[in-house]
Amino acid sequence: MDLQFKFLLLITILALSEFGVNGDGHGRKLASHPGLSKDYYKHTCPQAEDVIRKAVFDEYDKDSEPAPGVLRLQFHDCFVEGCDGSVLLDGPGTEKTAKVNAELDGFDIIDIAKAAIEAACPGIVSCADVLAFAVRDSVVKMGGEYWEVPGGRKDGRVSIAEHAQAALPEPDYTVPELIANFAAKGLSAKQMVILSGAHTVGAGHCDKFVGRLYNYNEKYYTDPTIDPAYAEFLKQKCPEKYNITTQVENDAVTPDLFDTGYYQGLGEKKGLFTSDQELVLDKRTAKTVKSLLKKDRFLKKFGKAMQALAAVEVKLEGEVRKNCRVVNKY
Ligand SMILES: *[C@@H]1O[C@H](CO)[C@@H](O)[C@H](O)[C@H]1NC(C)=O
């Protein structure tokens, strides 16, 4: 390569990374992506958000159990190939077949929302946008606060289990690992703590935390950062030979409310995963945890952080899938 070409390449890479990373290059985090727009469907499908909201709410009126799972899908989608609906694709070796994604659910809700929007405006609204709208609606339905979701994401055609396994954090991550993991997606340590607040709802299977209960390390049989009574409760739920279907709520204080119980629980040593409990034990994140104990503040910050999450590495070019589970055939 000659020098001039190298220089051009460098400029291109810098420009692309500036665009791809969800910040403005001065350490300040953007709330969303400059290529997304709140008016994106204004002329092509003005009723898009209403149609999706109605479809999602109607399902939750029958059974609201999938709502925390739908919220989780946003995170698991955006951290792998960006927010492009890649987690929704079926088939051998796709992201949803990865071990780290083994317990994902809520896909049916997205199918139902997509079917409703296809009936209203065929071929217009991407699965990535359907997911972002449905996630916001799920949080509102659970008692969270509304936030604006700009549209314009296109759907990806790549979904590889190994990529999911490499990109998504594990429940035993420490704070420095979590910070690095989120930074790789342009999200700050604060945003990481705020997004962890999604654990105010939902539940985790025994395998995700059983390592904290038995034979923890050479010094402690049980992780000493767990409240002893809570550790006993967890051992009842998950004996050493646990049932793989058993789940324990992430928020030990108010498991069914979209509130600050999760952060309160961390202060009481009732974080379910290592990656939860550590947030209050590490200097880098403890202050943010404390600041989120105020419910109004948490709900506002959560919406803003979700906007940032739903803007990670979005594709402005690509297809609008007909069916969220398969790429389009040409
Ligand atoms: C595991 O738990 C489920 C749900 O409670 C139950 O139906 C099943 O029989 C249990 N399996 C074993 C092996 O105990």
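Biologist: Is Lys315 buried, partly exposed or exposed?

Modeller: In this predicted model, Lys315 has a relative accessible area of 25%, so it counts as partly exposed.

Biologist: And which residue does Lys315 form a salt bridge with?

Modeller: Its partner is Asp84, and the closest N and O atoms of the two are 2.8 Å apart. Asp84 itself counts as buried, because its relative accessibility is 1%.

Biologist: How many salt bridges does a search of the whole structure find?

Modeller: The search finds 23 of them. One of these is formed by the side chains of Asp90 and Lys96, with an N to O distance of 2.4 Å.

Biologist: Do tell me about burial there: is Lys96 buried or exposed?

Modeller: Lys96 counts as buried, because its relative accessibility is 17% and the cut-off for buried is under 20%. Asp90, by contrast, is partly exposed at 35% relative accessibility.

Biologist: Moving on to Arg136, which side chain does it meet in a salt bridge?

Modeller: Arg136 meets Asp137, with 2.8 Å from N to O. Arg136 counts as buried at 0% relative accessibility, and Asp137 counts as buried too, at 1%.

Biologist: Which residues are in the network that Arg136 and Asp137 belong to?

Modeller: Salt bridges with shared partners link Arg136 and Asp137 with Glu49, Asp50 and Arg53, and these five residues make up one network.

Biologist: Let's switch to the surface. Which residues form the positive patch?

Modeller: The patch is formed by five lysines, Lys190, Lys287, Lys294, Lys301 and Lys304, together with Arg297.

Biologist: Which helix gives the most to that patch?

Modeller: Helix α13, which covers residues 295–309, gives the most, with three residues.

Biologist: Where is Lys287 found, then?

Modeller: Lys287 is found in helix α12, which spans residues 283–291.

Biologist: Is Lys287 buried or exposed?

Modeller: Lys287 has a relative accessible area of 74%, and because the cut-off for exposed is over 50%, this lysine counts as exposed.

Notes:
Residues are numbered from 1 along each chain as its sequence is written. This is a predicted model: local features need pLDDT of at least 70, side-chain atom pairs count only at pLDDT 80 or more; totals for chains, interfaces and linings use all residues. Side-chain values use heavy atoms; hydrogens and water are left out. Patches are made of residues with over 30% relative accessible area and no salt bridge: like charges are joined within 9 Å, nonpolar side chains (Val, Leu, Ile, Met, Phe, Trp, Tyr) within 5 Å. Accessible areas come from the Shrake-Rupley method with a 1.4 Å probe; for residues, only the protein chains shown count as cover. A salt bridge is a side-chain nitrogen of Lys or Arg within 4 Å of a carboxyl oxygen of Asp or Glu. Lys and Arg count as positive and Asp and Glu as negative; His and the chain ends are not counted. The place of a charge is taken as NZ of Lys, CZ of Arg, CG of Asp or CD of Glu. Helices (H or I, at least four residues) and strands (E, at least two) are DSSP runs, numbered from the N terminus. Buried means under 20% relative accessible area, exposed over 50%, partly exposed in between (1.4 Å probe, protein chains only).
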